[in-house]
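Dear colleague,

Please find the structure below, handed over for your own work. My notes on what was found in it follow directly after.

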Amino acid sequence: MHTSEKQIPIWFFIGLVLAVYGFLILLSGLHEMLWPPPEDQRVALWHLHAPVWWGALMLIVGLFYSWRFRPRGGETLTGRA
Amino acid sequence: MTADSPFVLAMASGSSPGSLLRLGFVDLIIIGLYFVVVLAIGFYLKRFTHTGEDFFLAGRKMTAWIAGLSFISANLSSLETMGWSAMAYQYGMLGAHAYFIGAIPAILFLAIVMMPFYYICRTHSVPGYLKLRYGEPARALAGITFSFLTICVSGASMFAMAKILHLLLGWDMDLSIWVSSLTVAIYVALGGLLSAVFNEVLQFFLIWAGSLLIPILGLIHAGGWRGMMEKIQEHAPIIHPTVQNADFTSLWRNLGSFDSNPMGIDWFGMVFGLGLAVSFGYWCTDFLQVQRVIVAKDLRSAQNGTIIGAFLKMMVPLIVTVPGLLGLAVLTNPDGTPMVLVPESDPRAGITHRTYNDVLPLLMSQYLGPGLLGLGVTAMIAGFMSGMAGNISAFATVWTYDVYQPLLRRNAEDHHYVMMGRWSSIGGILLSIGTAYLLFLFSNILEYLQVLVFFFIVPLFAVILMGMLWKRATPAGGFWGFLAAILASIAMWAYVHTFPEGWRPQPKATLAPGSVVRVEQDSDGRWQRVIVERGELTLVNVPVPQDRNADDPLDIPGFIEEPQGRRPLQLLAPAVVMAGTEHAAKFGVEGLPLQLRPGVTVRVQTIEQTFAPAAFNPDHARVIARSEKAKPMAINMYSAWWSLVIGIMVTVLVSLVTRPKPESELRNLVMGLTTMPDEGPCPWYQKPVFWASVVTAILVAVNVVFW
């Protein structure tokens with residue numbers, strides 16, 4: 001495996017995906033909260049607004065991983081060398 | 001419910017139970033993004049895979065965390081999560097054994113005892129170890145069998161995925177198969193094991209992110225753990241009437257006998273069949289698993305990565321077993337009664353009732369709204385693709401190094417084998433697609449595939465174990481022990497499905513489409529009798545008087561007396577018309593009397609079989625599993641145990657009369673002749689033995705708490 005080249009750790013990809021997914025789910029949850037669907041189309045426990053807090057949690061974890069493992073010198077594909 | 005009472009439940013109108021999940025725009029974006037990212041990772045990693053070691057062994061650079069996450073992700077396919085959720089719905093807490101005694105001791109044994117031999121001998125595969133320890137014949141047998149089974153399992157995974165996505169989302173099956181499999185083919189062919197491993201790590205996070213909300217919301221809904229258990233006790237007799245006295249809420253206290261638990265197994269089968277034979281066979285010798293950890297950067301990372309895998313495996317019941325149990329507690333019909341799911345073999349399956357396999361998707365549809373549903377479906381697709389990629393990367397390695405190189409082209413350049421690895425990844429996927437389409441034609445093969453894997457891995461474990469622990473084991477002993485155990489497994493499987501002359505399958509009546517029927521009900525709405533007014537009926541193994549008057553109605557009892565006992569009549573009505581209302585309907589019932597009005601066309605068939613793969617002969621089951629009450633799961637576990645015993649015994653006996661290899665050829669392969677490498681001092685909290693002890697303590701505690 002070539003190690004001379006600047007490498008992007010797998011954790012960065014994971015952070016990015018979690019952040020984007022978290023953002024989309026959070027937006028979707030906020031939309032549902034502000035413009036509630038008809039009662040017969042709501043999922044069980046709708047009032048807990050799971051997409052809002054679950055999306056926010058994913059966004060925070062994703063942003064942390066993306067920042068912590070951002071492509072820079074000294075990183076390898078598997079994390080810090 | 002007594003054996004005499006028929007079970008009849010709701011009848012459905014319309015063409016099918018309908019698509020379970022409806023995706024919105026944001027869900028589709030989430031799913032589409034997943035495909036883009038896994039392909040991007042494959043393209044990015046291609047530049048780092050030039051040599052055979054890069055492509056087949058990910059450069060042997062993996063950290064313990066990546067090895068451990070990949071190890072468990074390759075196992076966490078959607079067949080596994082959906083299958084074991086269904087098991088938990090069917091068998092209650094016993095379903096969690098697959099994650100405790102059915103995995104953890106074996107994973108720890110791999111980490112502490114077997115990993116040093118795999119790692120130090122620098123083998124690239126499990127068949128490669130067989131070559132070093134026993135010679136070419138054992139390697140060839142293992143390599144060819146493993147390649148064949150890997151393709152079968154990968155094809156089965158594709159078939160199952162296409163079927164599930166079609167049933168849940170209404171997606172086109174061809175499209176599901178081709179899009180997912182070509183994506184896997186591209187990223188594995190580009191980046192080899194490196195790409196497979198890195199995508200498995202990503203898939204692990206997505207599977208958890210998409211699955212963990214279900215148990216969280218379900219437990220809130222059920223009123224916590226205690227509330228869920230109370231509801232299970234209340235609902236289980238309604239949902240599982242035939243195992244009314246069985247205990248669904250404990251791990252061990254219901255394993256005293258075969259009939260006190262819903263799995264129909266006893267403690268011996270669970271401990272020695274699942275806990276020793278199947279589990280050790282799968283975790284210690286299935287190359288799909290072992291490959292993920294032997295590519296760690298050093299022995300300590302390989303061992304710690306495996307132990308991280310054990311930790312993570314113990315967490316999986318949260319997203320698998322708990323949803324299955326929640327299915328028993330919180331899935332209800334609109335009128336508040338418990339929703340009854342049925343096995344795939346039930347006459348009502350897919351007609352009026354959802355099946356056990358639908359328990360996880362049903363919970364998804366109950367709790368996950370827009371966005372989260374896309375994440376849940378992505379988790380499901382990621383699970384299927386991680387399983388496929390795991391099989392294909394393992395196949396590419398074993399095919400290239402254990403079949404192609406020794407048997408077809410021995411002394412080529414390294415880049416030639418890398419090219420062969422890339423092409424065999426694509427070829428493996430194409431063969432898997434072929435297998436998936438074959439399963440469309442012969443779908444009943446699917447249920448035997450898992451058993452086929454047992455046929456192979458348990459014998460393999462027997463000979464590898466003897467090879468690692470006993471230096472006297474000879475090449476002939478290893479080969480014949482392996483072969484004898486495989487043949488014994490096949491023979492036991494055939495034996496329990498063999499019946500005496502004259503045995504007949506269950507009596508069945510099938511109404512032709514368009515037949516007109518009427519249903520007699522009592523004052524509570526319970527079905528009493530089905531009357532066929534017009535149409536056509538096929539009767540299998542149902543006696544009909546030869547001298548009956550065609551102008552008289554024909555009454556058929558709900559239970560048929562036969563030499564082998566009194567058996568319920570299955571009635572299948574997949575597309576009928578209800579008399580009087582002219583409404584289309586479909587239903588499946590068992591044990592209900594039937595009346596045929598004059599003019600109804602009757603076709604009578606008598607089928608006798610001496611071999612029936614879908615049925616178990618209780619007399620033969622007693623020989624294998626000690627009791628005629630043993631159910632299929634118990635019989636499989638006992639068969640695996642006997643296979644292990646036979647494999648070890650034949651290896652020992654043949655070894656005692658044949659010539660062993662000289663000790664100089666056994667260095668780094670056998671206990672007592674292997675020197676552990678000095679990897680320098682390390683603090684206590686990095687020592688594999690310490691963490692293995694912690695995992696063992698947690699395992700014991702969990703088993704005591706849920707005893």
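Does B:Arg60 count as buried or exposed, and at what relative accessibility? B:Arg60 counts as buried because its relative accessibility is 7%, where buried means under 20% relative accessible area, exposed over 50% and partly exposed in between, with a 1.4 Å probe and protein chains only.

Before the details, the conventions. This is a predicted model, in which local features need pLDDT of at least 70 and side-chain atom pairs count only at pLDDT 80 or more, while totals for chains, interfaces and linings use all residues. Residues are numbered from 1 along each chain as its sequence is written, chains are lettered from A and ligands numbered from 1 in the order in which they are written, and side-chain values use heavy atoms, with hydrogens and water left out.

Chain A

Chain A holds 2 helices and 2 strands, these being DSSP runs numbered from the N terminus (helices: H or I, at least four residues; strands: E, at least two). Their order along the sequence is α-α-β-β. Chain A is more spread out than a compact globule, because its radius of gyration is 18 Å, well over the 12 Å that the globule rule gives for 81 residues. That radius is taken over C-alpha atoms, and the rule is 2.2 Å times the number of residues to the power 0.38. The C-alpha trace of chain A spans about 60 × 20 × 15 Å along its principal axes.

Of the 81 residues of chain A, 47% count as buried. The accessible surface of chain A is about 4,400 Å², and carbon and sulfur atoms account for 68% of this; the areas come from the Shrake-Rupley method with a 1.4 Å probe, and for residues only the protein chains shown count as cover. Among contacts (heavy atoms within 4.5 Å) in chain A between residues at least 6 apart in sequence, 76% join residues at least 24 apart. Chain A carries 6 positive and 5 negative charges, whose mean positions are 20 Å apart. Lys and Arg count as positive and Asp and Glu as negative, without His and the chain ends; each charge is placed at NZ of Lys, CZ of Arg, CG of Asp or CD of Glu.

One residue of chain A deserves mention for its backbone. A:His49 has a positive phi of about 50 degrees although it is not a glycine. A:His49 sits in the loop between helix H1 (10-34) and helix H2 (50-68) of chain A, and is buried, with a relative accessible area of 18%.

Chain B

Chain B comprises 22 helices and 12 strands. For its 707 residues a compact globule would have a radius of gyration near 27 Å, and the 27 Å of chain B agrees with this. Along the principal axes, the C-alpha atoms of chain B fill a box of roughly 90 × 65 × 50 Å. Buried residues make up 60% of the 707 residues in chain B. The accessible surface of chain B comes to about 26,900 Å², with 63% belonging to carbon and sulfur atoms. The mean positions of its 44 positive and 45 negative charges are 9 Å apart.

An automatic or database domain assignment divides chain B into domain 1 (34-228 + 282-451 + 656-701) and domain 2 (508-605). The C-alpha centres of these two domains of chain B lie 46 Å apart.

Individual residues of chain B

B:Arg60 is located in the loop between helix H2 (52-57) and helix H3 (64-75) of chain B. Leaving aside residues up to four places away in sequence, B:Arg60 touches B:Glu53, B:Arg122, B:Thr123, B:Ile294, B:Val295, B:Ala296 and B:Lys297.

B:Met492 belongs to helix H19 (residues 475-496) of chain B and is buried, with a relative accessible area of 10%. Apart from residues up to four places away in sequence, B:Met492 touches B:Ile624, B:Ser639, B:Trp642 and B:Ser643.

B:Pro553 lies in the loop between strand S5 (536-540) and strand S6 (554-556) of chain B, and counts as partly exposed at 41% relative accessibility. The residues that B:Pro553 touches, not counting those up to four places away in sequence, are B:Gln595, B:Leu596, B:Arg597 and B:Pro598.

B:Asn668 has a positive phi of about 70 degrees although it is not a glycine. B:Asn668 is found in the loop between helix H21 (632-656) and helix H22 (688-705) of chain B, and at 29% relative accessibility counts as partly exposed.

With kind regards
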